[in-house]
Amino acid sequence: MASCYVDPHNSTILKTLKIGDLVEFPRMLYSHWGVYIGNQQIVHLTGIDNAGSKDAFTSGSLFSVCGENFAKACVKIDDFFKVAQGCKAKRNNDKDAKCKPLNPQEIVRRAKAMVGVIGYNLIWNNCEHLAAYLRYDVKWSEQVDKAAEAAVWTGALAAVSLLAYNLFGGSNDKK
């Protein structure tokens with residue numbers, strides 16, 4: 001039923017895409033990313049046999065160990081609508097404000113050369129890193145940046161709370 005509303009939206013988005021555009025596919029807890037290379041095709045880092053492309057939490061490749069990439073994801077070329085999987089896609093070249101995009105032909109050349117490359121690391125080599133690398137020659141994931149910032153703030157808040165507790169509320173010794 002949801003596809004009745006999503007498919008017309010995605011058809012409209014697809015018509016506006018230019019070769020080399022970054023495409024964001026918002027999922028429940030994260031966004032999946034790819035690069036449009038023309039002919040309704042997206043290059044993206046996805047789970048092998050699509051493991052994790054729809055639900056990262058069942059893929060087994062959510063984290064890496066000691067910085068090592070899991071071999072459960074690879075770079076593929078897929079149809080735009082297959083990648084969308086019922087999500088409302090959006091063209092998202094917001095990083096253009098901070099990074100200079102490569103020319104479209106170079107983006108496509110690089111994207112096709114990466115097909116079949118295996119490896120995934122949530123923090124250093126996820127689908128957003130790949131998309132940014134192909135368009136800008138810089139691996140960058142704003143999702144990871146935001147998560148790291150939230151972790152720092154959460155840690156700082158916990159440290160301040162613990163300090164305040166120890167200074168003002170934790171020494172209620174009754175003698």
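Mentor: Ile77 sits in strand 4; strands (E, at least two residues) and helices (H or I, at least four) are DSSP runs, numbered from the N terminus. The model is predicted, so local features need pLDDT of at least 70 and side-chain atom pairs count only at pLDDT 80 or more, while totals for chains, interfaces and linings use all residues. Residues are numbered from 1 along each chain as its sequence is written, and side-chain values use heavy atoms, with hydrogens and water left out.

Ile77 has 31% relative accessibility and therefore counts as partly exposed; buried means under 20% relative accessible area, exposed over 50%, and partly exposed in between (1.4 Å probe, protein chains only). Leaving aside residues up to four places away in sequence, Ile77 touches Ile37, Gln41, Ile42, Val43, Lys112 and Val115, where contact means heavy atoms within 4.5 Å. Val43 is 34 residues from Ile77 along the chain, yet their C-alpha atoms are separated by 4.4 Å.

Val43 also belongs to the largest nonpolar core, which has 20 residues; with Leu22, Val35, Leu45 and Leu134, Val43 touches the most other members. Such a core is a set of buried Ala, Val, Leu, Ile, Met, Phe, Trp, Tyr and Cys residues joined through side-chain atoms within 4.5 Å. Strand 2 (31-38), strand 3 (41-47), strand 4 (70-79), helix 3 (104-114) and helix 4 (127-136) each supply at least two of its residues. Helix 4 gives the largest share, 6 residues. Apart from this core lies another, of 11 residues, including Phe25 and Phe80.

Next comes helix 3, where Ile107, Val108, Arg110 and Ala111 are buried. They lie on the same side of helix 3 because they cover an arc of only 165° around the axis, taken from the directions from the helix axis to the C-beta atoms. Gln105 and Ala113, on the other side of helix 3, are exposed. The buried residues of helix 3 pack against strand 2, strand 3 and helix 4.

Helix 3 and helix 4 have axes 8 Å apart and pack at an angle of about 140°; axes are lines fitted to C-alpha atoms over the stretch in contact, and angles run from 0 to 180 degrees between N-to-C directions. The two helices, helix 3 and helix 4, are therefore oblique to each other, given that angles under 35 degrees count as roughly parallel, over 145 as roughly antiparallel, 65 to 115 as roughly perpendicular and the rest as oblique. Ile107, Arg110, Ala111 and Met114 of helix 3 make this contact with Leu130, Tyr133, Leu134 and Arg135 of helix 4.
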